[in-house]
Amino acid sequence: MATTERRIWIDGELVPWDQATVHVLSHSLQRGSLVFDYMSVHETPRGAAVFRLDDHLARFFHSVHLVGLPLHADAERLRAGILASVRANPGASAVKICAYLPSVEVELVPLDERVRVAIAAYDPLGDVIQPKGVTHRFPEALRVRIERVRRKLDAVLPPQAKAAASYLGPMSAKWAARRAGYDEILLVDAAGNLAEGPTTNVFLVDRAGTLLTPPVGGILEGVTRRSVLEIAKHDGRPAREQTLPPAALFEAAEAFLTGTTAGVWPIATVDDRPVGDGRVGPVTRALQERFRAVVSGCDPDFAHWLTPAAAGPTG
Ligand code: PMP
């Protein structure tokens, strides 16, 4: 489906892709006050289905609450809106739900507090990336740089809030790292411990095969991270949430990132030093394949994590 045919749900109405716009002086654009969540859609034996829809929706409402946006929409209506958007946009592989202040404002605290909600079900690759002429394949394993400048926003806005403004620092750091030849960065928390990537969580595999990942206090709790921990538990694979200094990466046998777009993504090097033997390790490979099977609805143990769009109420 071309974007000219795509429709975006805005406050209950499906509007054409090109008309889903805001004013250049809108509060959300000027102050970065937009709050969002992002989830994946998969073709499964039961048709197009959203992965862990209710977990994403709960996190969206939590972000809205942390930022303090006065959003008066109930979860059931937005849930129906997400499923309706997927049905209206065949071939969509992702859904982005945003709450934003469309009003043109001068001050930091808006005079017009009306919050709008937009839900876009689309295909990031076919709709956005490829039309820009980008055809590159992602590397099999990532070259990562540790960004040691500590997150400054944490004191005012907790990392659990998925707000547009939170991504500005990581964007600058990642852009600089890209120019220096790296694929990705890892951020440290206020205490200098390993936190997460700009849009991913991080896992280490120690020499005994135990999964290690930073605890939820200083990170955005990823739905993929939670899924990997739950799959590990189900499979009897040892896993621990614990504080990790960046140096732990150099002692690990394997390391990988997790995220809605990334899935399970191996890390090859950190600060130009190989992690483990520098190749994709067996634990990472097994989890990557397992996670792919789970999201595509091929694993009956986790089929309940997928909500088919066809079965949802219209709205
Ligand atoms: N951390 C941050 C800061 C993120 O933006 C994301 C992407 N939502 C993640 C971690 C990974 O979360 P998820 O697995 O839910 O995509």
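**Ligand site**

I started at the ligand, where one of its oxygen atoms sits 2.6 Å from an N or O atom in the side chain of Thr260. I treat that as a polar contact, meaning a pair of N or O atoms within 3.5 Å; within protein, one must be able to donate a hydrogen and the other to accept it, and residues adjacent in sequence count only if both atoms are side-chain atoms.

A note on what I am looking at: this is a predicted model, in which local features need pLDDT of at least 70 and side-chain atom pairs count only at pLDDT 80 or more, while totals for chains, interfaces and linings use all residues. Residues are numbered from 1 along each chain as its sequence is written, and side-chain values use heavy atoms, with hydrogens and water left out.

Back at the ligand, I looked up two further contacts. A nitrogen atom of the ligand lies 2.7 Å from an N or O atom in the Lys162 side chain. For Arg59, the distance from a side-chain N or O atom to an oxygen atom of the ligand is 2.9 Å. Taken alone, the ligand exposes 390 Å², and the protein buries 94% of that. I note that accessible areas come from the Shrake-Rupley method with a 1.4 Å probe, and that for residues only the protein chains shown count as cover.

**Salt bridges**

I searched the whole structure and got 16 salt bridges, each a side-chain nitrogen of Lys or Arg within 4 Å of a carboxyl oxygen of Asp or Glu.

Asp272 pairs with Arg143, the closest N and O atoms being 2.9 Å apart. Asp272 is in the loop between strand 14 (263-270) and strand 15 (273-274) and Arg143 is in strand 7 (residues 142-147), so this bridge ties together parts that are 129 residues apart in sequence. Asp272 is partly exposed, at 46% relative accessibility, and Arg143 is partly exposed at 34%. My scale for this: buried is under 20% relative accessible area, exposed is over 50%, and partly exposed is in between (1.4 Å probe, protein chains only).

Asp235 bridges to Arg290, with 2.3 Å between the closest N and O atoms. I placed Asp235 in helix 6 and Arg290 in helix 8 (residues 282-295), so the pair ties together parts that are 55 residues apart in sequence. Asp235 is partly exposed, at 38%.

Within it, Arg226 and Glu221 have their closest N and O atoms 3.3 Å apart.

Most residues other than glycine have a negative phi. I noted two exceptions here. Arg52 has a positive phi of about 50°; this residue is in the loop between strand 4 (47-51) and helix 2. Is Arg52 buried or exposed? Arg52 is buried, because its relative accessible area is 6%.

Asp11 also has a positive phi, about 45°, in the loop between strand 1 (7-10) and strand 2. Asp11 counts as partly exposed, at 39%.

**Asn201**

I checked Asn201, in strand 10 (residues 201-205). A polar atom of the Asn201 side chain lies 3.1 Å from the backbone nitrogen of Gly222. Asn201 counts as buried because its relative accessibility is 4%.

**Val24 and Pro246**

Last, I looked at Val24, in the loop between strand 2 (13-16) and helix 1 (27-31). Val24 counts as exposed, at 53%. Pro246, in the loop between strand 12 (239-241) and helix 7 (248-251), is buried at 8%. C-alpha to C-alpha, Pro246 and Val24 are 40 Å apart in space, and they are 222 residues apart in sequence.

Conventions
Helix = DSSP H or I, 4+ residues; strand = E, 2+ residues; numbered from the N terminus.
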